[in-house]
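Please look through the sequence and the model below before reading on. The report that follows walks through a few parts of the fold, one after another.

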Amino acid sequence: MAAESLLRTLLRRKVEFLRYARQRRQYSTKPPSQTPTGEQIPTPGNVPTLPFWQRLGPLTRAAFAYARAQRRRPYTTQVCTSLVIYFFSDISAQRMGGRDYDPTRTVRSLVIGSISSIPSFKWTLWLSNNFNYPSRILSLGTKVVVNQICFTPIFNSYFFGMQAALAGESLENIVERIRVTVPVSFVNSCKLWPAVTAFSFTFIPMEYRSLFAGVVAVGWQTYLSFLNRKAEDGRAIEPAQEWVESALFTMAAPYLRTRPALSAALRPLAPKPRFQSFPRRPNSTTTTPSTNTEIATPTEPTKAAAANASIVPRRLKFSAYASALAVVLGVGYYYATDTRASVHQYLVPPLLRTIYPDAEEAHHVGTAALKGLYEVGLHIRERVPEYPNGPLSVEVFGKQLLNPIGISAGLDKDAEIPDPLFALGAGVVEVGGCTPFPQEGNPKPRVFRIPTVDGLINRYGLNSRGADAMATRLRERLRKFARSLGLSENQVLNEEGTDGIPPGSLHPGRLLCVQIAKNKKTDEKDVNAVIRDYVYCVDKLAPYADVLVVNVSSPNTPGLRDLQATEPLTKLLSAVVDAAQQTKRKTKPRVMVKVSPDEDDDTQMEGVVEAVWNSGVDGVIVGNTTKRRTGIVPKGVKLIGDEPETLHEEGGFSGPALFERTVSLVGRYRKMLDGYALKNEADKSAAQKVLFATGGITTGEQALKVLNAGASVAMVYTGMVYGGSGTITRIKTEMKEKLAVKSA
C-alpha cells in the first residue's frame, strides 16, 4: 500500500510538472507585441480579491457549470431546471397537505413543468430584449407590469387547468378550477414576483436568471400546488366559495388588522358558488332563532350605517396622507437626483470626509454609490438640456461635443462608472489609468486630504485590475447598448444605425478617453518592453475607446516620466498610433499623450512637441499631479492640524493651486505645437493638434481661461472631490453666465 501511494504521488507531481511546462511554452511562443517582459504574470500578491460570490468553492464552480450549460444547450438546461423545480415543489406541497405521498401527482407536476419550460424561457428572453428605454427605472417598471399583467394570469391558468385535465376532470370542472384559483394566485403573486422580476433584471446575468427564478419558484410552485390541492379538497367537502374566502382572508390578515375596510373590498373577489351543499355560517351580527331562517337583529341597520359613515372619513384621511406622501417622495426624488441640488456640494462631500477619514475609502464608497444608484435608475443626473449647437458646443476630433468640460482619469480607474459620470454632464470622461496586467499599486495609506487648500496628495502607483478586465467590462457595456437598439456589436462599433454615436462613449455629443500605462515592474530603460506594455493595452481597449491617452507623466511610477525624452517618446507614440490604426472598426480611436506639469522648461517641452508631430499623435493632455510643493499654500492662508505634515507626504499634489501653472503650460504648448508645424513646413492637410487641460480647474471662469489659452477641453478631478457631483453643472452654468455678460 505504501508503494502504491508513493507511486501515485510521483505520477501526480509529474503530471503537474508537464502541465506547467506546457503553459510556459505557450506563454513564451506569443508574438513579441503581446509577450510581456519581466515578471508580468499575475501573482497572488498583485491580483485583486475576487468578489464574495466567486469565492464559494463548490457552489461557485456549480454556478459556472450551470452558466456554461445554459449558453451551450439553453433548451435542454431549461427543461432539466423545470423538472427539478416542479419535483421539489410538489414534494413540499404534498408534505404541507398532510396526506400520504401520491406519486401520480408528482408525475403530473413534472409533465406540466416540462411543457412550460421552453415558453417560459422564451418569454424571459423576449422581455429582456424589449422595453429598454433610456430611463432604467422606466424600463424596469414596464417589464414588471407587463410580466404581471400578461404572463402571470396565463401561466396560472395553464397550471391549474393542466392539473385538473391530467386528473381526469371534465371541461366544466376545469373552467371552474381556473375561475376559482387564478384570482387568488394572481393577487398573491403581486406581493412577491414584482420584486423578484425587478431584482432579476437589475442584478442577475441572463444565464443565471432561470436558476435564480427557480430557487424562488420552488416556494411559489409549492404555494400553487398547495392551492390546487385545497381546490380539490374544497370542492369535495363544501362549496368553492368557502375555501376561497378563507384563503383570501387568511392571506390578507395583516392588512385586515390595520384596515378593516379591506375586508369589504376583498369579499366581492370570492366567486359565488353554483350550488350550496351546506348552510352558510351565521354572521356575527345575526341571531339564529329556533327556526332555520336567519333574521337580522333590529340594531343591524344602525350598525351598518355607522360603519359606512366612519369608513368615508378614514378613506379621505388615508387618501390625503397617501397623496402628501407621494408628493414629498416625488419632489424629494427630483431634488436628490439633480446635479443642481445644493446638498451635493455642501452636505455630501463634508459628510464623506467626516465618516471616512481615509480618502481612498471615501473614494471607493462614492464610486460604489454612483454605480449602484445608476443600476436602479436613482442616480444623480443633469436635467439641464444641452443641444449640439448650444453656447458651449465645441468640435473635437471631428465630433461636435455638447460641452468642453471633462473628468480626468483617476476618478474611475477601472471603467466601472463611465455612464454615471456622463450623466453628471461631462462632455469627456477619461477612465484609467490601465496597465497591461493587474497590479496593486503602492502600500496604503496612499491618498491624503488637505482641506484648507482643497488639495489632494496621492501615490496610488497606478493600481489597476488590468487591461483584460477593463476590456471585458467595456465590451459588456457596449453589448447591452447594442441590444437596447436591436443592433449587433459590430454595427455599434462601426456606427451603423446609431446616428453617429461614438462607439466609446455610447452617448451623442460625448467622448470616452481610456488612459493606458506600463506596469511598474517593466524596466523603463527597456524601451521595447515598455512599448509592448502599451501596445498590449491598445489591442485590448482600442475598440471601446474614442481616445487613447498615453500616460507618461504619473509621478508615482518609477522612471515613467523619463519616457518624455524625445527619442523614447517618439518610438513609443509611433507604436501606439500604429496599433490604434489596426483597430477593427470604421472610425479609429484618436491618440493623445498626457504630459507632466513639472517638465516645463523650453527644451523639455520642445522635445515633447517634436515627438508628437513626428509620431502622428492627435493631441496632448497638459497637466497631471505635481511633485513640487512650492506655491501650494496661498499667501495669508495657514494650514491647520496635521496638514503641514501631510503636505510633505510623498506623491503627486492636485488642487486649485495648480491652475495658474496649467494656464501657462497650455498657452506655451499651443504656441509650440502651432509653431512647429510652420517652422518645419509640415503637411498642410494635417489637422491642428488638440489640447486638453487639467489641473486646478474648479470654476467656470477658470475653464474659460484655459479654453481661451488654446485648450479644447477643460478637465476636472480634485474639484469634484471637494465640490461634489454637481461640479460639472455648476462650472457650465458659470461659463454660460460669463459668456452672456460678454455678449451683452
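The model is a predicted one, in which local features need pLDDT of at least 70 and side-chain atom pairs count only at pLDDT 80 or more, whereas totals for chains, interfaces and linings use all residues. Residues are numbered from 1 along each chain as its sequence is written, and side-chain values use heavy atoms, with hydrogens and water left out.

## The barrel

Eight strands close into a barrel, in the order β5-β6-β9-β10-β11-β12-β14-β15, and their pairing is parallel. On average, neighbouring strands of this sheet are turned by 25 degrees against each other, direction ignored; here axes are lines fitted to C-alpha atoms, for helices over the stretch in contact, and angles run from 0 to 180 degrees between N-to-C directions. As a general point, strands of a sheet pair through backbone hydrogen bonds, either parallel or antiparallel.

Strand β5 (residues 405-407) pairs with β15 in the parallel sense over three bridges, and I407 has V716 as its bridge partner in β15. With β6, β5 pairs in the parallel sense over two bridges, where the bridge partner of G406 is V428. Which way do the side chains of strand β15 (residues 713-716) point? V713 and M715 point one way, while A714 and V716 point the other way, and all are buried, meaning under 20% relative accessible area, with exposed meaning over 50% and partly exposed in between (1.4 Å probe, protein chains only).

## Helices on the sheet and against each other

Helix α24 packs on the sheet and touches β5, β14 and β15, its direction making about 135 degrees with that of β15; contact means heavy atoms within 4.5 Å. Helix α20 (residues 566-581) lies across β10 (547-551) and β11 (590-595), and runs at about 150 degrees to β11.

Helix α17 (residues 467-485) and helix α19 (residues 527-541) pack at an angle of about 15 degrees, with their axes 9 Å apart. The two helices α17 and α19 are therefore roughly parallel to each other, since angles under 35 degrees count as roughly parallel, over 145 as roughly antiparallel, 65 to 115 as roughly perpendicular and the rest as oblique. Their crossing is right-handed, which applies if the near helix is turned clockwise from the far one by less than a right angle, and left-handed if anticlockwise. Where they meet, A467, D468, M470, A471 and L474 in α17 face Y536, C537, K540 and L541 in α19 as contacts.

## A hairpin

Strand β7 and strand β8 (residues 455-458) pair in the antiparallel sense over four bridges, and the bridge partner of I450 in β8 is G455. In this hairpin, which has four residues between the strands, D454 takes a positive phi near 50 degrees. From β7, V447 and R449 point one way and F448 and I450 the other way, and all are buried.

## Backbone details

Most residues other than glycine have a negative phi, and most peptide bonds are trans. The peptide bond from G432 to G433 is, however, cis, with omega near 0 degrees, and G433 has its place in strand β6 (residues 428-434). Another cis peptide bond leads from K444 to P445, with omega near -5 degrees, and P445 is found in the loop between β6 and β7 (447-450).

Phi of F397 is near 55 degrees, a positive value in a residue other than glycine. F397 is in the loop between β3 (394-396) and β4 (399-401), and F397 is buried, with a relative accessible area of 14%. L506, also not a glycine, has a positive phi of about 60 degrees; L506 lies in the loop between α18 (489-493) and β9 (511-516) and counts as buried at 7% relative accessibility.

Notes
Pairing = 2+ DSSP bridges.
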